[in-house]
Amino acid sequence: MRTFETDVQWIRYEVLKKVIQKTIDQSFDTTKYQIPNEILPGNKPISRCCVYHERAIIEERVNLASNLMLPGQNIIHTIESACDECSREHYTITDSCRGCFAQRCMQACKCGAIEKIDGKAHIDYSKCVSCGKCKEVCPFNAIVDNLKPCIRACKGKAIQICDDNKVKIEDEKCISCGACVYQCPFGAISDQSEIIPITKLIEQSRKDKNVNVYAVIAPAIVTQYTANIGQIVGAIKQIGFTDVIEAALGADLVAYYEGKEFVERVIEGEESCMLTSCCPAFVSYVEKQYPELVGNISTMVSPMIATRRLIKQIDDKAEVVFIGPCMAKKEEKLRYEKAGEKIYAMTFEELEALIDAYGINMSECTEEVLNNASYFGRSFARTGGVSDAVASIIETKNLPPSSYRPLVCNGLQEVDKALKILKMRKNTFNFIEGMACVGGCIGGAACLTHDPRQNKNVEIYAKKAVEKSINDSLRVIDYTHLDLHKPY
């Protein structure tokens with residue numbers, strides 16, 4: 001078992017592994033109530049007030065792992081019993097306050113919310129609007145920012161605080177990026193899982209050779225393990241998957257058609273800018289925050305769906321499971337299921353639990369060959385990879401270099417700034433690569449490890465591709481009759 005970044009990751013992993021094991025031996029329905037005691041035996045709590053509180057939280061996690069995911073439903077949920085009710089006040093004055101004569105904090109506050117009591121500054125929260133001006137001017141850094149980590153993480157402003165100081169997620173604003181899930185230090189927010197139907201499907205394929213289950217792995221997987229990609233593929237096949245396909249092959253397809261679409265819509269057409277469609281959280285952000293720009297989004301599907309369609313073209317009985325670092329893929333898969341396209345989606349966290357539940361030691365696995373995609377398709381895992389891939393297609397059109405002016409947005413803060421500029425029609429760029437996670441997919445909320453230096457591993461993996469160009473990658477497959485447009 002690997003070492004996790006936090007105990008929050010560890011407890012999620014333990015719950016998932018137990019759920020998978022009980023699904024494999026077909027005892028989940030009758031023994032799921034035992035999981036909290038199996039994970040936390042005895043009477044000693046890990047970090048909460050008592051072990052009974054911790055077991056109640058685990059019970060809620062078990063429910064999240066077993067409840068059905070339904071179209072139109074948000075996949076990010078609050079575990080109320082885990083919410084530690086972080087400070088409601090945004091800014092507080094600490095004991096470092098010297099009550100200085102300059103009183104810059106009082107002068108900076110335009111709401112009159114700060115007064116001096118017993119020689120120290122105090123905030124009247126009935127007047128405070130959380131502007132932060134007082135913190136900016138305090139010479140002793142005596143005013144601290146206590147903004148709840150989940151609120152700070154959510155760039156879509158989808159998190160609200162209830163009267164009882166518990167967190168509430170506003171579904172109409174949530175883009176399922178999972179930033180709040182990763183940043184909450186108490187594990188009080190979690191994504192829903194379909195690990196039970198996936199495990200049942202795998203078990204069926206292990207017993208019935210007529211059931212073909214394909215794993216579509218995101219290229220960011222090379223940043224998650226010390227094992228090489230061949231051993232990772234070997235471990236996935238040992239679980240029971242029929243075959244493993246790179247989502248990067250779908251990325252090659254998407255880049256090829258997005259390049260053509262860009263030429264038709266922007267170079268030859270009248271549109272001023274086109275937006276990428278590969279990141280579902282980015283697409284959802286545009287839909288919910290900038291609906292007037294939805295028409296600028298590429299009509300292409302994401303690499304996940306492109307790979308799924310390619311597999312189904314080859315094997316119409318195939319069942320496809322996407323494995324990646326992205327929680328928003330679960331929301332995306334529900335959207336496509338509503339339109340009639342069945343696909344399963346799981347995260348790297350869930351894959352780790354699946355591998356260990358089956359007792360597989362990745363370091364002992366036979367190396368399997370994986371050569372589906374090009375350098376550019378594999379580069380989709382990092383920020384700038386999509387733009388580079390589309391550029392490689394546009395270069396084949398012999399257009400002037402100035403025809404393609406991409407803007408790479410690394411995270412939602414940069415995305416929001418770019419969309420504001422585009423909305424005001426003051427853009428000099430004509431292509432936006434939007435990534436909700438900083439760093440791109442390697443910074444996904446469901447990654448086992450988050451290290452910005454992993455760009456190096458992605459680059460090494462990309463350079464190992466047998467096919468160096470997208471055209472070389474696609475020449476070996478029949479994609480001429482493959483429709484890659486969205487069904488909605």
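Helix 1 is followed by Q26, a residue whose phi is positive, near 60°. Helices here are DSSP runs of H or I with at least four residues, strands are DSSP runs of E with at least two, and both are numbered from the N terminus. The model is predicted, so local features need pLDDT of at least 70 and side-chain atom pairs count only at pLDDT 80 or more, while totals for chains, interfaces and linings use all residues. Residues are numbered from 1 along each chain as its sequence is written, and side-chain values use heavy atoms, with hydrogens and water left out.

Helix 1 has 18 residues, and the distance from its first C-alpha to its last is 26 Å. This is close to the 26 Å expected at 1.5 Å a residue, where the expected span is 1.5 Å times one less than the number of residues. Of the 18 residues, 14 are buried, and the helix is thus mostly covered. Buried means under 20% relative accessible area, exposed means over 50%, and partly exposed lies in between, with a 1.4 Å probe and protein chains only.

K22 belongs to helix 1, which covers residues 7–24. Is K22 buried or exposed? K22 has a relative accessible area of 9%, and therefore counts as buried. Apart from neighbours within four places in sequence, K22 is in contact with S27, F28, T31, K32, Q34, I35 and E38; contact means heavy atoms within 4.5 Å.

Two buried residues other than glycine, N165 and S176, have positive phi values.

## Strand pairing

Strand 3 (residues 114–117) and strand 4 (residues 120–123) pair in the antiparallel sense over four bridges. Two strands pair if DSSP finds at least two bridges between them. One of these bridges joins E115 to H122 in strand 4. The two strands form a hairpin with two residues between them, and D118 in the turn has a positive phi of about 55°.

An open sheet of three strands has the order 11-15-14, with parallel pairing. Which strands stand at the edges of this sheet? Strand 11 and strand 14 (406–410) do, each with a single partner strand, so one side of each is left without a neighbour in the sheet. Strand 14 and strand 15 pair in the parallel sense over five bridges, and the bridge partner of N410 is M435 in strand 15.

Helix 12 is mostly covered, with seven of its 10 residues buried. The buried residues are P280, A281, F282, V283, S284, Y285 and V286. The buried residues of helix 12 pack against strand 11 (274–275), helix 14, helix 18 and strand 15 (431–435).

Rolling a probe the size of a water molecule over the atoms shows where empty space is left. On a 1 Å grid over the protein atoms alone, a cavity is a set of points where a 1.4 Å probe fits but cannot get out; a pocket is an open set with protein on both sides within 12 Å along at least five of seven lines; lining residues have an atom within 4 Å of a point. Grid points are joined across faces, edges and corners, and a volume is the space filled by probe spheres set on the points.

The whole structure holds seven cavities of 30 Å³ or more. The largest cavity contains about 340 Å³ of space. It is lined by 27 residues, of which C278, P280, C326, K329 and C441 are the closest to its centre. Helix 11 (247–267), helix 12 (280–289), helix 13 (303–314) and helix 14 (328–338) each supply at least two residues of this lining. By class, the lining has 24 nonpolar, two polar and one charged residues. Ala, Val, Leu, Ile, Met, Phe, Trp, Tyr, Cys and Pro count as nonpolar, Asp, Glu, Lys and Arg as charged, and the others, Gly among them, as polar.

## The largest pocket

The largest pocket contains about 510 Å³ of space. Of its 24 lining residues, Q183, A436, C437, V438 and G443 are the closest to its centre. Helix 7 (149–153), helix 8 (179–183) and helix 18 (412–423) are the elements that give two or more residues to this lining. Helix 8 provides the largest share, three residues. The lining of the largest pocket divides into 11 nonpolar, 10 polar and three charged residues.
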